[in-house]
Amino acid sequence: MTRPALPPRIRSRAALGLTSAASQQRFVLQHCSACGHSQFPPQEFCGTCLSARQVWRECTPIGTVVAEATLHHSLEPAFTDEIPLRTGLVQHETGCVLTAFLHPDCTVDAPVRLSLTLDRGGSAVVTATPAEKDEPMGRCSYSPKDRVCLITDGAGPLGDALEATLVKAGAAKVLTRPAECEEADIVIDTSWLAGDLADLGAHAVRAQALADRLGPGLAQRQGAWVSVLGFAAIAPYPACPEHSARMAAAQALTVALRARLNALGGGVLAVYPAFTEETLACGVEGQPLSPEKLSQALVSALESGQEESFPDPSSRLWVERLAGDRKSLERELAFVVG
Ligand SMILES: [Zn+2]
């Protein structure tokens with residue numbers, strides 16, 4: 001099996017902070033707590049005062065192009081098909097100068113909108129789009145248009161909504177029977193949402209077998225696997241230990257699959273709604289996200305290549321809390337849920 005060429009994937013530990021933000025398509029810069037200097041690329045120490053007190057700060061993604069270049073030759077095989085490729089330097093409003101992939105319409109001295117996004121190898125890159133354009137420029141899309149999609153559990157309202165949304169987005173074919181599927185470009189695994197703890201081990205084995213069967217081919221065709229999970233996958237709901245254990249197992253397998261498929265050129269995305277009809281059936285209390293809205297969030301994530309999606313206000317709030325104060329979120333979930 002021929003592997004697609006991937007962009008360079010090695011990053012320093014400091015630079016992995018950019019990858020973390022890019023997986024959720026948040027725009028951050030490294031900021032020095034000692035002197036206030038922002039810097040790019042990220043480093044262990046401040047380039048101005050040498051302090052090690054470096055933090056990530058969410059910033060307005062606005063800048064100005066200060067230089068541009070068009071590459072007509074690259075020693076990286078991954079870029080061969082994209083040549084000529086525009087790159088440049090963009091000065092952020094903090095004064096920080098970033099290297100970025102430029103949209104063809106970007107010009108020197110013009111304002112641009114910056115985006116932090118993942119490339120085909122799963123690493124963070126910066127892109128710049130003219131400020132007046134609505135859509136940011138991504139470096140990696142798994143759009144379902146003209147692709148074969150498989151929904152692992154197509155029964156019920158979510159399966160129906162997903163099928164309708166994928167068809168509307170231009171999917172060539174939407175399948176709902178994993179056993180009869182020989183190859184799919186996009187697999188949407190909805191099988192973790194319902195089920196009891198007694199079946200967890202057997203379900204994990206089935207999920208692994210399906211990933212082993214379809215994953216490598218999917219990655220070679222630069223497709224994606226999407227795990228439809230719940231927020232309990234990354235922060236357990238104290239009132240619902242069985243649901244939380246099931247989600248934690250699904251998260252572990254999703255992360256492992258991502259490492260495997262990223263190395264082969266495929267993507268592994270995950271969606272983490274706070275509440276769905278399935279989580280309510282487990283005794284969780286909250287306003288469930290409708291199957292239609294969950295489906296739209298999932299297809300948007302595929303189109304923009306967003307690795308982790310938090311598609312409702314509660315999940316977005318909680319993931320911010322999780323980054324800064326895991327323990328207080330544990331207490332909050334004990335009161336809010338159940
Ligand atoms: Zn400093």
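Tutor: Two strands pair if DSSP finds at least two bridges between them. Helices (H or I, at least four residues) and strands (E, at least two) are DSSP runs, numbered from the N terminus. The model is predicted, so local features need pLDDT of at least 70 and side-chain atom pairs count only at pLDDT 80 or more, while totals for chains, interfaces and linings use all residues. Residue numbers start from 1 along each chain as its sequence is written.

Student: Which residue in β8 stands opposite Leu 102?

Tutor: The general idea is that strands of a sheet pair through backbone hydrogen bonds, either parallel or antiparallel. Here Ala 128 in β8 is opposite Leu 102. Strands β6 (residues 97-102) and β8 (residues 124-130) run parallel and are joined by 2 bridges.

Student: In what order do the strands close into a barrel?

Tutor: The order is β4-β5-β6-β8-β7, with 5 strands and mixed pairing. On average, neighbouring strands of this sheet are turned by 45° against each other, direction ignored. Such angles use axes that are lines fitted to C-alpha atoms, for helices over the stretch in contact, and they run from 0 to 180 degrees between N-to-C directions.

Student: Which helix packs on the sheet?

Tutor: Helix α1 (residues 16-23) does, touching β7 (111-118) and β8, and its direction makes about 95° with that of β7. For contact, the C-beta atoms of two residues, placed from the backbone, must lie within 7 Å.

Student: Which residues of strand β9 point one way, and which the other way?

Tutor: In β9 (residues 148-151), Val 148 and Leu 150 point one way, Cys 149 and Ile 151 the other way, and all are buried. A residue is buried if 20 or more other C-beta atoms lie within 10 Å of its own, exposed if 12 or fewer, and partly exposed in between, with C-beta atoms placed from the backbone.

Student: Which strands are joined to β9 by bridges?

Tutor: One is β10 (residues 173-175), which runs parallel to β9 and is joined by 3 bridges. Within β10, Lys 173 is the bridge partner of Val 148. Between these two strands the chain passes through α2, and this β-α-β crossover is right-handed. Right-handed means that, with the strands pointing away from the viewer, the path from the first strand over the helix to the second runs clockwise. Strand β11 also runs parallel to β9, with 3 bridges, and there Val 187 is the bridge partner of Leu 150.

Student: What span does helix α6 reach, and what is expected?

Tutor: The expected span of a helix is 1.5 Å times one less than its number of residues. Helix α6 (residues 291-304) has 14 residues and reaches 20 Å from its first C-alpha to its last, close to the 20 Å expected. Just after α6, Gly 305 has a positive phi of about 70°.

Student: Which residues of α6 are buried?

Tutor: An α-helix has 3.6 residues a turn, so residues three or four places apart point the same way. In α6 the buried residues are Pro 291, Leu 294, Ser 295, Ala 297, Leu 298, Val 299, Ala 301 and Leu 302. They pack against several elements, among them α2 (156-168), β11 (186-189) and β12 (224-228).

Student: Why does Ala 297 count as buried?

Tutor: Ala 297 counts as buried because it has 20 C-beta neighbours inside 10 Å. Leaving aside neighbours within four places in sequence, Ala 297 is in contact with Val 271, Ser 309 and Pro 311.

Student: Is Gly 201 buried or exposed?

Tutor: Gly 201, in helix α3 (residues 200-220), is exposed because 10 other C-beta atoms lie within 10 Å. From C-alpha to C-alpha, Gly 201 and His 37 are 50 Å apart in space, and they are 164 residues apart in sequence.

Student: Where are the cis peptide bonds?

Tutor: Most residues other than glycine have a negative phi, and most peptide bonds are trans. The bond from Phe 40 to Pro 41 is cis, with omega near 0°, and Pro 41 lies in the loop between β2 (38-39) and β3 (54-58). The bond from Ile 83 to Pro 84 is also cis, with omega near 5°. Pro 84 belongs to the loop between β4 (62-71) and β5 (85-92).

Student: Which residues other than glycine have a positive phi?

Tutor: Among them is Gln 25, with phi near 55°, in the loop between α1 and β1 (28-32). Gln 25 is partly exposed because 19 other C-beta atoms lie within 10 Å. Leu 50 has phi near 70° and sits in the loop between β2 and β3. Leu 50 is exposed, with 11 other C-beta atoms within 10 Å.
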